[in-house]
Amino acid sequence: MTETAQEAMISVHVNGEMRTVPGGCSISAMLESIGLNPSKVAVERNLEVVPRSSLGEVKACEGDRFEIVHFVGGG
Amino acid sequence: MNAPQSVAADAWTVAGRTFTSRLIVGTGKYKSFEENAAAVEASGAEIVTVAVRRVNIADPNQPMLTDFIDPKKITYLPNTAGCFTADDAIRTLRLAREAGGWNLVKLEVLGEAKTLYPDMRETLKATEVLVKEGFEPMVYCVDDPIAAKQLEEAGAVAIMPLGAPIGSGLGIQNLVTIRLIVEGANVPVLVDAGVGTASDAAVAMELGCDGVLMNTAIAEAKDPVMMARAMKSAVEAGRMAYLSGRMGKRRYADPSSPLAGLI
């Protein structure tokens with residue numbers, strides 16, 4: 001992947017939907033841009049759980065598939 | 001000693017955690033979060049089951065369950081409802097552990113949508129993997145004493161046989177196998193699914209179960225908060241009846257008034 005001088009936008013899948021985020025942004029930054037509090041959700045990236053403690057460091061990459069979940073009512 | 005004191009002293013322990021209430025309630029199917037929270041309060045439950053689902057990224061500011069039922073006060077037991085394979089259930093619980101930080105989880109792997117009967121082959125497989133990864137799974141299962149033994153050997157911290165299909169409200173269909181599971185288990189046994197009304201919960205407790213887990217029986221009652229209170233009483237009544245040692249059954253009558261001194 002070639003780097004441009006400008007921050008390139010990248011495409012990622014979030015809960016099955018395509019989203020465009022700035023290249024090199026952390027998962028925390030991505031969550032906040034969607035309006036989510038990183039401390040209230042759990043994140044899976046390409047089928048691997050991303051520990052909450054590393055959400056600020058792990059960067060979103062082109063084509064990543066994210067699942068962002070939380071607790072809802074259930075039996 | 002009066003009855004409430006004896007119930008309070010009669011705690012139970014699962015995976016090293018001790019609880020006073022023997023009623024676990026679900027948080028699905030309620031009309032509102034407010035009603036759900038009021039029913040949990042009325043039930044006296046210290047554990048609630050919750051599901052793990054995608055956040056609605058189109059509307060991230062929707063109210064959340066955790067805003068109404070405080071996970072610091074009530075133990076959240078994440079479930080795997082809707083999972084039909086061991087892999088899906090394991091994936092769900094790995095996320096649940098990250099979301100909540102809890103190892104105590106409810107495993108259910110379903111076999112088919114029509115009956116929501118557990119797939120025991122997948123359930124056993126998932127139990128083995130989860131235990132290796134440090135989870136403490138309470139496992140929903142068929143009312144089969146052999147399957148229950150196998151789950152316990154695999155490391156299940158509680159055995160949770162169905163009384164009847166999930167959401168059916170039919171009551172406990174096989175008293176004999178539930179009792180056999182209770183007699184054979186060295187971990188807590190809770191009837192999970194099938195309870196429809198208070199007497200069903202009492203029956204489960206009279207059989208010697210350590211607790212009862214229910215959702216629909218409360219959520220679909222016309223007055224869920226009152227039914228939650230009824231279930232709390234029923235679980236306590238059934239437990240006390242079990243501990244008190246019921247009278248033997250006779251085939252014929254035995255008068256309660258003395259025969260001596262009849263005029």
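The model is predicted, so local features need pLDDT of at least 70 and side-chain atom pairs count only at pLDDT 80 or more, while totals for chains, interfaces and linings use all residues. Residues are numbered from 1 along each chain as its sequence is written, chains are lettered from A and ligands numbered from 1 in the order in which they are written, and side-chain values use heavy atoms, leaving out hydrogens and water.

Let's start with helix H6 of chain B, residues 175-184; helices are DSSP runs of H or I with at least four residues, strands are runs of E with at least two, and both are numbered from the N terminus. Its buried residues are Thr177(B), Ile178(B), Ile181(B) and Val182(B). Buried means under 20% relative accessible area, exposed over 50%, and partly exposed in between, with a 1.4 Å probe and protein chains only.

Why do these residues share a side of H6(B)? They span an arc of only 145° around the axis, taken from the directions from the helix axis to the C-beta atoms. On the other side of H6(B), Val176(B) and Glu183(B) are exposed.

The buried residues of H6(B) pack against helix H5 (145-154), strand S8 (158-161) and strand S9 (190-192) of chain B, where contact means heavy atoms within 4.5 Å.

Now the cysteines. Zero disulfides turn up over all chains, a disulfide being a pair of cysteine sulfur atoms within 2.5 Å. The sulfur of Cys141(B) has its closest cysteine sulfur 11 Å away, in Cys209(B), too far for a bond. Cys141(B) is buried, at 0% relative accessible area, and Cys209(B) also counts as buried, at 0% relative accessibility. Thanks, everyone!
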